[in-house]
Every structure is written in C-alpha cells, then in structure tokens.
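Here's a quick briefing to read with the model open in your viewer. It goes through the disulfides, then a sheet and the helices packed on it, then some chain totals.

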Amino acid sequence: MKRDPVILIVVAMVISVMLVLGVRRVHHLAVVPAGKLQGQPAPDFTLTTPEGKTLKLSDFHGKAVLLNFWATWCEPCKVEMPWFVDLQKKYGPQGLQVLGIAMDDASPNAISTFAQKMGVNYPILVGKEEVGAQYGGIDYLPSTFYITREGKVLDHVFGLASRSEIEANIEKALRQQVATK
Amino acid sequence: MKNVLCASALLLSSALALPEDLARSKALVSMEPAGTTAIDRGKPGTVELQFRVARGFHVNSNQPKQEYLKKTELKLDAPTDIVIGRTIYPPGEDRSFPFAPTDKLSVYSGDFAIGVVVRPLHSVLPARYAIHGVLKYQACDNAACYPPKQLPVTFEVRVTRGQGRGKKNPRQSPHAHS
C-alpha cells in the first residue's frame with residue numbers, strides 16, 4: 001500500500017505534539033476540579049506553620065473546618081481575615097476551626113509577621129502547589145472551603161464573600177454532624 | 001487525505017484547548033505589537049511599550065502604596081552592547097475598590113505605557129536587534145486576586161549609524177610646538 005508522505009508527516013507531527021503535551025500534563029500536578037469535591041472527603045494534607053510546626057487537616061477531624069487559601073498580596077483576603085478572627089472566637093467553642101493556607105512566595109517570616117499584624121487567632125500554614133491542586137487548583141484568592149465535622153467538603157466559595165454568607169456556611173458545616181447523628 | 005488532516009487538526013486542538021488549561025493560562029494583561037524603533041548607536045532612545053489590562057481587572061502600579069502588594073515590573077535581557085537604561089513607569093491611578101472602599105490602591109487598568117531607554121554602544125553593528133523580557137504583574141478584579149504572572153515581552157530596535165561618527169580626536173597641527 002502506497003502511503004502519502006505528507007499524511008505520514010502530519011500524523012507524526014500530531015503524535016509528537018500530543019506526546020509532548022501528555023508528558024507536560026503528567027508532570028503537571030493532577031488538579032481535581034473544586035466542584036467535584038463537594039460532598040466528597042476533603043483531601044488530607046500535611047503542611048507546616050511559618051514557625052515550623054507540622055499540622056494535618058485530619059488532626060481536626062470532628063471539627064467543622066473553614067479552610068481559607070489566601071496570600072499577603074491579596075487585598076480582598078485582608079478583608080475576610082478580621083471576620084475569620086471574630087468567627088473563630090464566636091464559633092470555636094461550638095467546634096469550628098479556621099485554617100489559613102498562605103499561597104504565597106513570601107518568606108515564612110513575612111507570612112508570620114503579616115498574620116500577626118492582622119491579629120490572626122487561628123493556625124496559618126505555608127501553602128504548597130500540590131495542596132492547591134488537591135483543592136481544584138487555587139487560581140483565585142481568597143478561596144474558601146467549608147468542611148463538615150465528618151471531614152466532607154460542604155461548599156466552596158471563590159473570591160470575597162460577605163460576612164453573612166461566611167457565617168451561614170459555618171453554621172451549615174457545624175450543623176452537619178447534628179443532622180447525621 | 002482531507003479526512004486525515006481534519007482528524008489530526010481535531011486531535012491537536014482538543015489536546016491544546018482543555019478548559020482548565022485555558023483558564024489557567026488566561027492572560028489578564030496583553031502587549032500591543034511593538035513596532036521597530038530606530039536608535040542611533042551611541043545615543044539613547046526611548047521605546048514605548050503599550051500594555052492593556054483586561055476589562056474589569058486591575059494590576060498594581062510600579063509603586064503600590066502597600067508594602068505587601070506585588071508591583072508591576074518590566075525585566076529585560078538586552079543583547080551584548082545594547083544597554084537598557086531607565087524604565088519609565090506611568091504613575092498609578094489611585095482607586096478604591098468594593099473590597100476596601102476606604103483604601104486607595106495605586107493601580108493600572110485599561111491601557112498603560114512603559115518607556116524603556118535603550119542605548120546601543122558605539123561598537124554595535126547597524127542592524128535590527130530583538131530585545132526580550134517579561135512584564136511581571138499581579139491582577140485582581142473587584143472580589144478576587146490572581147496569582148502573579150509573567151507576560152513575555154519582545155520588541156525590536158534598529159540600530160543606525162547616526163549622523164555623526166561619534167567623538168573624534170581634535171585635529172592637531174603637526175607644526176604646533178610650544
């Protein structure tokens with residue numbers, strides 16, 4: 001069978017490009033779309049605080065977790081932080097744990113200084129891209145996930161939310177255990 | 001033949017255009033095509049680069065008011081014997097946003113231009129030279145911020161001989177003795 005060399009060249013080029021893209025995608029982090037996480041167990045992770053203390057998400061099993069991805073260069077994130085401080089005080093005794101993950105290229109020291117300036121009363125963790133990828137790839141900041149006491153993702157909000165919306169989601173996450181008991 | 005080409009194009013486009021990749025690679029700042037700027041060798045010339053911020057977004061200016069904010073910054077690599085001088089950034093526009101209505105941020109939005117002073121040394125051969133670099137920026141909209149990005153920047157300068165031939169030694173009289 002006679003083969004047209006042009007066809008062979010085109011097919012070879014397409015295969016080469018797809019191979020290159022495939023390799024790139026394999027090397028790239030496996031990103032789970034955030035929408036698919038809803039109702040699913042929240043991906044566990046291990047991260048360190050700027051001071052070097054290691055924390056796992058699973059350490060907080062039994063608590064409702066507000067997982068907030070933020071950065072020092074993100075102005076809308078700064079709006080939410082004082083709310084989280086207040087809400088941690090208000091709902092902490094009922095079982096809420098706010099966790100902040102800094103998706104930042106600033107030094108741990110700078111992150112710590114920033115958090116202190118903001119009066120943060122909850123753990124701040126130094127983020128890693130692979131943890132962001134587990135949560136859908138954090139392309140927008142702030143990004144906040146609400147995790148039930150059972151460790152399932154209840155909801156997520158990308159961008160700045162209103163305080164009342166945040167509070168409503170916290171209450172839902174806290175109630176979840178009551179509903180399943 | 002036609003079928004094979006169509007199938008190949010489809011395969012290629014589907015491999016290239018996965019939605020999450022498109023979202024991640026979305027350029028919030030673009031550069032207008034820069035023409036070629038003619039500059040005499042040995043003399044400084046200014047190249048103006050035009051950028052456009054996508055509608056609804058803003059980037060910090062080169063001199064943001066808050067220390068933690070990422071400034072917009074042009075980084076260039078010049079060919080040997082072409083000196084990149086001062087980068088002239090426009091002043092930022094002081095604006096407040098719904099997420100912090102009482103604060104003023106120094107930002108660029110819409111179109112903005114950055115000037116670059118380029119000086120080819122006397123030793124440079126008259127020709128066209130491409131200068132490459134990146135524009136570092138970090139964009140936000142009214143409710144969210146996007147991770148810092150780098151926009152590839154390329155422009156061309158045409159180095160000319162110029163009118164004069166540079167500084168010459170003063171003419172000396174062979175008979176001038178003191």
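Counting over all chains, you'll find two disulfides here. Keep in mind that this is a predicted model, so treat the geometry below as computed from it. One disulfide is A:Cys74 to A:Cys77, and B:Cys140 with B:Cys145 makes another.

**Disulfides**

- In chain A, the sulfurs of A:Cys74 and A:Cys77 sit 2.2 Å apart, S to S.
- The torsion about that S-S bond, between A:Cys74 and A:Cys77, is about 85°, which makes the disulfide right-handed.
- Over in chain B, the sulfur atoms of B:Cys140 and B:Cys145 are 2.1 Å apart.
- For B:Cys140 and B:Cys145 the S-S torsion comes out at about 100°, so this disulfide is right-handed.
- Both of these cysteines, B:Cys140 and B:Cys145, are buried.

**The open sheet in chain A**

- Five strands of chain A line up as β5-β4-β3-β6-β7 in an open sheet with mixed pairing.
- Which strands stand at the edges? They are β5 (124-126) and β7 (153-158) of chain A; each has a single partner strand, so one side of each lacks a neighbour in the sheet.
- On average, neighbouring strands of this sheet are turned by 20° against each other, ignoring direction.
- Strand β4 (residues 96-102) of chain A runs parallel to β5(A), and three bridges join them.
- If you want a spot to look at, A:Ala102 has A:Val126 in β5(A) as its bridge partner.

**Helices on that sheet**

- Helix α2 (residues 75-91) of chain A packs on the sheet and touches β3 (64-70), β4 and β6 (143-147) of chain A.
- The direction of α2 in chain A makes about 155° with that of β4(A).
- Helix α3 (residues 108-117) of chain A lies across β3, β4 and β5 of chain A, and runs at about 160° to β5(A).

**Chain B in numbers**

- Chain B has two helices and twelve strands; starting from the N terminus, the order is α-α-β-β-β-β-β-β-β-β-β-β-β-β.
- Of its 178 residues, 34% count as buried.
- Among contacts in chain B with a separation of 6 or more, 72% come from residues 24 or more positions apart.
- The accessible surface of chain B is about 10,900 Å², with 52% of it belonging to carbon and sulfur atoms.

Definitions and conventions:
Residues numbered from 1 in each chain as written. Chains lettered and ligands numbered in written order. Predicted model: local features only at pLDDT ≥ 70, side-chain atom pairs only at ≥ 80, totals over all residues. Heavy atoms only, no water. Disulfide = S-S within 2.5 Å. Buried < 20%, exposed > 50% of the residue type's maximum accessible area, 1.4 Å probe, protein only. Pairing = 2+ DSSP bridges. Helix = DSSP H or I, 4+ residues; strand = E, 2+ residues; numbered from the N terminus. Axes fitted to C-alpha atoms, helices over the stretch in contact; angles between N-to-C directions. Contact = heavy atoms within 4.5 Å. Areas by Shrake-Rupley, 256 points an atom, 1.4 Å probe, with all protein chains shown as cover.
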